[in-house]
Amino acid sequence: MSTKILEYDLGRQELSTINLPSAFHGWQIVLMEADAGVLGFATVQDSKLCLWAIEAGVDRNVGWAQRRVIKLDKLLPAPDCNRSAPLDVYTIATAPFVVAVADGIHVIFLWTDDGLFSIHLKSSRVEKIGEFISDLGVVPYISFCTPVLDMVSTGDD
C-alpha cells in the first residue's frame, strides 16, 4: 500500500527510494523483473494485466513506462476480468489481482473469483491452479544449480 519502493545499490552502498506512478498509489501491485533485468511491476487495471518497467533518465531521475498490456477478458472466465483492483485501508482487493510473479520462467499468478490462475507471459497460456482463497499463499520457487568453480584444474595438482 506504499507509494515508494526501497532501493539499495550494492555497488555504491546507498539506500534510496523510488516513487511509484501516482496513478497506482493504493493499487495491488507486485514487483518483478522487466526487460533486460530492470525493475518492473505488474497490476490489473480495467480488465487488463499491465506490465510496467522503470526507466532511468538524466541525473538518476526515474520514470515508469508501460511495457505490455494483456487483455484478461480473452484469457479468464468472463465475470472475473471486468474489474480492477484498487485498494485502500478499509477494503479488500476485488478480483482479479496479481498475487505473485515467477520471474525466471515468466509466469504471473492472478487471483480471480473462480480461483488462482497462472499466465505464462511468453505463450499467453493460462492454467487454473487452485480453487480457494487459501491458495493465495503462492511462493514461486525455481530450482537452479550453480557449477562448482573450484574444481577447475590449475595444473598444480
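How many helices and how many strands does the secondary structure of this chain come to? Zero helices and ten strands. Here, helices (H or I, at least four residues) and strands (E, at least two) are DSSP runs, numbered from the N terminus. Reading from the N terminus on, the elements go β-β-β-β-β-β-β-β-β-β.

Some ground rules. This is a predicted model, where local features need pLDDT of at least 70, side-chain atom pairs count only at pLDDT 80 or more, and totals for chains, interfaces and linings use all residues. Residues are numbered from 1 along each chain as its sequence is written, and side-chain values use heavy atoms, with hydrogens and water left out.

Now burial. The chain has 157 residues, and 36% of them are buried. Buried means under 20% relative accessible area, exposed means over 50%, and partly exposed is in between (1.4 Å probe, protein chains only).

On to the sheets. Strands S3, S4, S5 and S6 form an open sheet, in the order S3-S4-S5-S6, with antiparallel pairing. Two strands pair if DSSP finds at least two bridges between them. At the edges are strand S3 (29–33) and strand S6 (62–71), and each pairs on one side only. The twist averages 30° from one strand to the next. Angles run from 0 to 180 degrees between N-to-C directions, and axes are lines fitted to C-alpha atoms, for helices over the stretch in contact. Look at S3 and strand S4 (residues 39–45): five bridges, antiparallel.

Next sheet. This one is also open, with four strands in the order S7-S8-S9-S10 and antiparallel pairing. Its edge strands are strand S7 (97–102) and strand S10 (126–130); each pairs on one side only. From one strand to the next, the twist averages 30°.

Let me stay with S9. Strand S8 (residues 107–112) meets strand S9 (residues 115–120) through six antiparallel bridges. The two form a hairpin, with two residues between them. Across that pairing, Phe 109 has Ser 118 in S9 as its bridge partner. Leu 110 stands opposite Phe 117 in S9. On the S10 side, S9 and S10 run antiparallel and are joined by four bridges. Phe 117 turns up again here, with Lys 128 in S10 as bridge partner. S9 and S10 also make a hairpin, this time with five residues between them. In that turn, Ser 124 has a positive phi of about 65°.

Is S9 mostly covered or mostly open? Mostly covered: six of its six residues are buried.

Thr 112 is found in strand S8. Its relative accessible area is 0%, so Thr 112 counts as buried. A polar atom of the Thr 112 side chain lies 3.0 Å from the backbone nitrogen of Asp 114.

Last stop, the surface. Which residues make the nonpolar surface patch of about 500 Å²? Leu 6, Tyr 8, Leu 10 and Leu 15. Patches take residues with over 30% relative accessible area and no salt bridge; like charges are joined within 9 Å, nonpolar side chains (Val, Leu, Ile, Met, Phe, Trp, Tyr) within 5 Å. A salt bridge is a side-chain nitrogen of Lys or Arg within 4 Å of a carboxyl oxygen of Asp or Glu. Areas come from the Shrake-Rupley method with a 1.4 Å probe; for residues, only the protein chains shown count as cover. Leu 6 lies in strand S1 (residues 4–9). At a relative accessible area of 61%, Leu 6 is exposed.

Terms used. Polar contact = N/O pair within 3.5 Å; in protein donor to acceptor, adjacent residues only side chain to side chain.
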